Amino acid sequence: MKCDLILPVWNQLEYTKACITRLFATVDVPSRLIIINNGSNDGTTEYLKTLTPPSMLRVEIVSNPTNLGYGGGVNQGLKMSDAQFACILNNDTVFGPRWLSTMIDVAFRDNRVGIVNPESSTFGVRPQNGQTVVQLAESLSPKRRDYEELGNCIG
């Protein structure tokens, strides 16, 4: 099994650093991270050159001279993908434990599943006061393989 993770970035260095740091700490499926750098000029380009991924993750960086926008970056990454699974990310994504293996497991559970979208804070599940996103994810762990049909996917 192989998964390509597609991460378009444009500036927002601090978000990108936090996203990649947590991604490196939680990825649990052999994957390729395709970073589409859309002409960043805030230090992101220099930061991306310093990445040292974990052994199960290969990183490819595409540096565009101009900003193609989020959709343009996603499409560019999808065209590069040759994996069984492609996962589209935002640079403000916060990853919980086993996030990728759980999503792939859900995809394999039913051959009618075409897209898997994790629960997002935009759907009303938010950390309570003093609770981190990772703690919230752990509290939802017993339901991590549950799924339901949705009309759209966001977040």
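**Exercise 1. Find which residues N38 touches, leaving out residues up to four places away in sequence, and describe the setting of N38.**

Step 1. In this predicted model, the residues that N38 touches, apart from those up to four places away in sequence, are P8, V9, W10, N64, T66, N67, L68, G69 and G73.

Step 2. Among these contacts is L68, and a polar atom of the N38 side chain lies 3.3 Å from the backbone nitrogen of L68; since a polar contact is a pair of N or O atoms within 3.5 Å, the distance falls inside that cut-off.

Step 3. N38 belongs to strand β2, and its relative accessibility is 2%, so N38 counts as buried, the cut-off being under 20%.

**Exercise 2. Decide whether I34 is buried or exposed, and find its contacts.**

Step 1. I34 is placed in strand β2, which covers residues 31-38.

Step 2. The relative accessible area of I34 is 0%, and I34 is therefore buried.

Step 3. When residues up to four places away in sequence are not counted, I34 touches D4, L5, I6, L7, E60, G77, M80 and S81.

Step 4. One of these contacts is I6, which is 28 residues from I34 in sequence, while the two C-alpha atoms are 4.9 Å apart in space.

**Exercise 3. Work out how many aromatic pairs there are, and describe the geometry of each.**

Step 1. With ring centres required to lie within 6.5 Å, the count comes to two aromatic pairs.

Step 2. For F85 and F108, the ring centres are 5.5 Å apart and the planes stand at 80 degrees, so this pair is edge-to-face.

Step 3. Because F85 lies in strand β4 (residues 85-88) and F108 in helix α4 (residues 99-109), the pair ties together parts that are 23 residues apart in sequence.

Step 4. For F95 and W99, the ring centres are 4.6 Å apart and the planes are at 40 degrees, so this pair is tilted.

Step 5. As for burial, F85 has a relative accessible area of 18% and is buried, F95 counts as buried at 2% relative accessibility, and W99 counts as buried at 11%.

Methods. Residues numbered from 1 in each chain as written. Predicted model: local features only at pLDDT ≥ 70, side-chain atom pairs only at ≥ 80, totals over all residues. Heavy atoms only, no water. Phe/Tyr/Trp six-rings, centres within 6.5 Å; stacked < 30°, edge-to-face > 60°. Helix = DSSP H or I, 4+ residues; strand = E, 2+ residues; numbered from the N terminus. Buried < 20%, exposed > 50% of the residue type's maximum accessible area, 1.4 Å probe, protein only. Contact = heavy atoms within 4.5 Å. Polar contact = N/O pair within 3.5 Å; in protein donor to acceptor, adjacent residues only side chain to side chain.
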